[in-house]
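Hi there,

Here is the structure I promised to pass on. Have a look at it first, and then read my notes below.

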Amino acid sequence: MEATTWQKRSVIALVATLCGLLWGSAFPVLKISYSELNMAADDVFAKMVFAGIRFLLAGIFILVFFSFRHQKKILPELKGYWKLVLIMGLMSTTLQYFFFYNGLARTSGVTSSIMVGMGTFIVAIMAHFYYPDDRLNRRKISGLVLGMIGVVAVALLKGPLDFSLKWNGEGFIFIANTVASVAAIYGKELGKRMNILVMTGSQMCMGALILLSGGLSGMQPGSIQWTGLGFVLLLYAAFLSAVAFGLWYTLLVFNKAGEVSLYKFLIPVFGSLLSAVFLGESFTIIHGMALLLVVLGIWLVNGNGAKRRESNERIA
């Protein structure tokens, strides 16, 4: 698609919502995968290996798709960009998921869900200072607050809020959010200089190999017991990552990071809805209200009339 097509509000809404749905489906898929593969809940090394394989396959899927679609070789497209792509892989894949999985093992599901949602705020704040045309304003702050209220509402349905503030728990998740936000801005800029699919697929492969090697160095034999269903779930997890990341970075390159990032509030909401379908978890009116709040926040920032209101609402 042409750049102007990616900038249409209908395309942004459709593609970003699809990304949120795919990433949201990862919640029940990973829960089922860990159970099917008999992975211990606190076995971080096994989860790092699983994540490494997942993102390595996802990167390969993207690169194969690019090669067949454009009839081009990958290595010439990477010429001159190896180090830059490696840096992105370290941030977006290796460091983000190392800190996320380690932090997740030491925090409650409620706390981690809320803190992951706060990643959207970090992207918006970074975009405010980095891009002159992506400043925070009243409508954007209102949209962020509404979306965060929706995320908190869904998270609290899992249990009581318990901020123990462990440096290797909540601290690690905060680091993961910050690294992911920096990677989003970094990827947006790098994607302007090279092919977006090559950038995304290559950084995932590079970052995944480092993540995989780190996990293998500490994983005990038998920590992952492979089954047919487990392998199928792994392939789906890799597929959803390939599609979601490929589309997401394309949106980021052609649009404002601070506005596109609001769609990530849909991830925990979709995750809860799909968990209700596939894991038998409860679905209440709170879930529906949370989704409504998130959609309202997104519409407030990206809906019709947003551009018209923006000029008089900037925050210096």
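Helix α5 passes α9 in a left-handed crossing, where left-handed means that the near helix is turned anticlockwise from the far one by less than a right angle, and right-handed would be clockwise. Before going on, a word on the source: this is a predicted model, in which local features need pLDDT of at least 70 and side-chain atom pairs count only at pLDDT 80 or more, while totals for chains, interfaces and linings use all residues. Residues are numbered from 1 along each chain as its sequence is written, and side-chain values use heavy atoms, with hydrogens and water left out.

First, the overall picture. The chain has 15 helices and zero strands; both are DSSP runs numbered from the N terminus, helices being H or I with at least four residues and strands E with at least two. Of its 316 residues, 53% count as buried, meaning under 20% relative accessible area, with exposed over 50% and partly exposed in between (1.4 Å probe, protein chains only). If you take the contacts (heavy atoms within 4.5 Å) with a separation of 6 or more, 87% of them come from residues 24 or more positions apart.

Now back to that helix pair. Two packed helices are described by the angle between their axes and the distance between the axes. For α5 (residues 82-104) and α9, the angle is about 160 degrees and the axes are 8 Å apart. The axes are lines fitted to C-alpha atoms, for helices over the stretch in contact, and angles run from 0 to 180 degrees between N-to-C directions. The two helices are therefore roughly antiparallel (angles over 145 degrees; under 35 is roughly parallel, 65 to 115 roughly perpendicular and the rest oblique). Their contact has 19 nonpolar, five polar and no charged residues. Here Ala, Val, Leu, Ile, Met, Phe, Trp, Tyr, Cys and Pro count as nonpolar, Asp, Glu, Lys and Arg as charged, and the others, Gly among them, as polar.

Gly 171 sits in α9 (residues 170-190). Gly 171 is partly exposed because its relative accessible area is 23%.

The second pair is α13 (residues 266-278) with α14 (residues 285-302), packed at about 155 degrees with axes 10 Å apart. That angle makes α13 roughly antiparallel to α14, and the crossing is left-handed here too. From α13, Leu 266, Val 269, Ser 272 and Leu 273 meet His 287, Leu 291, Val 294 and Ile 298 of α14. Sorted by class, that gives six nonpolar, two polar and no charged residues.

Finally, how many salt bridges does the structure hold? There are three, each a side-chain nitrogen of Lys or Arg within 4 Å of a carboxyl oxygen of Asp or Glu:

- Asp 134 with Lys 140: the closest N and O atoms are 2.6 Å apart, and both residues are buried.
- Arg 139 with Glu 259: the closest N and O atoms are 3.1 Å apart. This pair links distant parts of the chain, 120 residues apart, from α8 (residues 138-156) to α12 (residues 257-260). Arg 139 and Glu 259 are both buried.
- Lys 192 with Glu 189: the closest N and O atoms are 3.3 Å apart. Lys 192 counts as partly exposed because its relative accessibility is 49%, and Glu 189 does so at 24%.

Cheers
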